[in-house]
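Please examine the sequence and the structure shown here before reading on.

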Amino acid sequence: MSPAAAARAVAWLRERGAAAHVVAGGLAGLLERWERLVRAVEDVYADDLDELLNDLDTRELLDGALVAAAEADMVVDARLAALDRRYRAATEPCACLWGADVAASEGWTPASAWWYFRRPRVPGPALAADLATRRDG
């Protein structure tokens with residue numbers, strides 16, 4: 001990715017109000033964070049629903065930063081596609097984890113923000129308890 005494209009992605013993250021460590025990490029940092037989540041979900045996701053939602057926001061930020069970069073990068077695209085396939089394989093469809101009201105207000109659908117509409121196949125005890133008490137998750 002060119003330095004200009006990387007700078008556009010960082011600028012978008014800053015404008016979006018992303019945490020300083022997320023901005024500093026840029027696209028590479030977001031990919032690393034997404035990969036850590038994918039590995040956790042492939043095993044047993046040990047955190048609760050609030051933490052899962054924070055982790056899934058990484059994928060939302062990654063999506064927006066890539067659009068802002070507005071430059072194709074075959075390495076990033078291939079790595080992200082592989083991680084997304086792994087995440088899909090380790091999860092199952094569900095209602096939006098943020099809830100129907102948030103999905104509607106953000107314009108998220110299972111096609112546009114699919115990561116929010118999938119839950120780990122093997123949730124740890126905290127996440128399993130949180131999901132069991134949700135009416136729309």
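Which residues does Leu83 touch, not counting residues up to four places away in sequence? Leu83 touches Leu31, Trp34, Glu35 and Val38, where contact means heavy atoms within 4.5 Å. This is a predicted model, in which local features need pLDDT of at least 70 and side-chain atom pairs count only at pLDDT 80 or more, while totals for chains, interfaces and linings use all residues. Residues are numbered from 1 along each chain as its sequence is written, and side-chain values use heavy atoms, with hydrogens and water left out.

Leu83 has its place in helix α4; helices (H or I, at least four residues) are DSSP runs, numbered from the N terminus. With a relative accessible area of 3%, Leu83 is buried, a term that means under 20% relative accessible area, computed with a 1.4 Å probe on protein chains only. Between Leu83 and Leu52 there are 31 residues in sequence and 16 Å in space, C-alpha to C-alpha.

Asp84 is also found in helix α4, which covers residues 74-90. Asp84 is buried as well, at a relative accessible area of 7%. Its side chain is joined to that of Trp34 by a polar contact of 3.0 Å; such a contact is a pair of N or O atoms within 3.5 Å, and within protein one must be able to donate a hydrogen and the other to accept it, while residues adjacent in sequence count only if both atoms are side-chain atoms. Leaving aside neighbours within four places in sequence, Asp84 is in contact with Trp34, Arg59 and Trp114.

The next element is helix α3. It has 21 residues and reaches 30 Å from its first C-alpha to its last, close to the expected 30 Å, a span taken as 1.5 Å times one less than the number of residues. Of the 21 residues of α3, 15 are buried. At the start of α3, a side-chain oxygen of Asp48 comes to within 3.3 Å of the backbone nitrogen of Asp50. After α3 comes Ala70, whose phi is positive, near 50°.

Helix α3 also takes part in the largest pocket: 7 residues of the lining come from α3, the largest share. The lining residues divide into 7 nonpolar, 4 polar and 6 charged; Ala, Val, Leu, Ile, Met, Phe, Trp, Tyr, Cys and Pro count as nonpolar, Asp, Glu, Lys and Arg as charged, and the others, Gly among them, as polar.

Technical notes: Helices (H or I, at least four residues) and strands (E, at least two) are DSSP runs, numbered from the N terminus. Buried means under 20% relative accessible area, exposed over 50%, partly exposed in between (1.4 Å probe, protein chains only).
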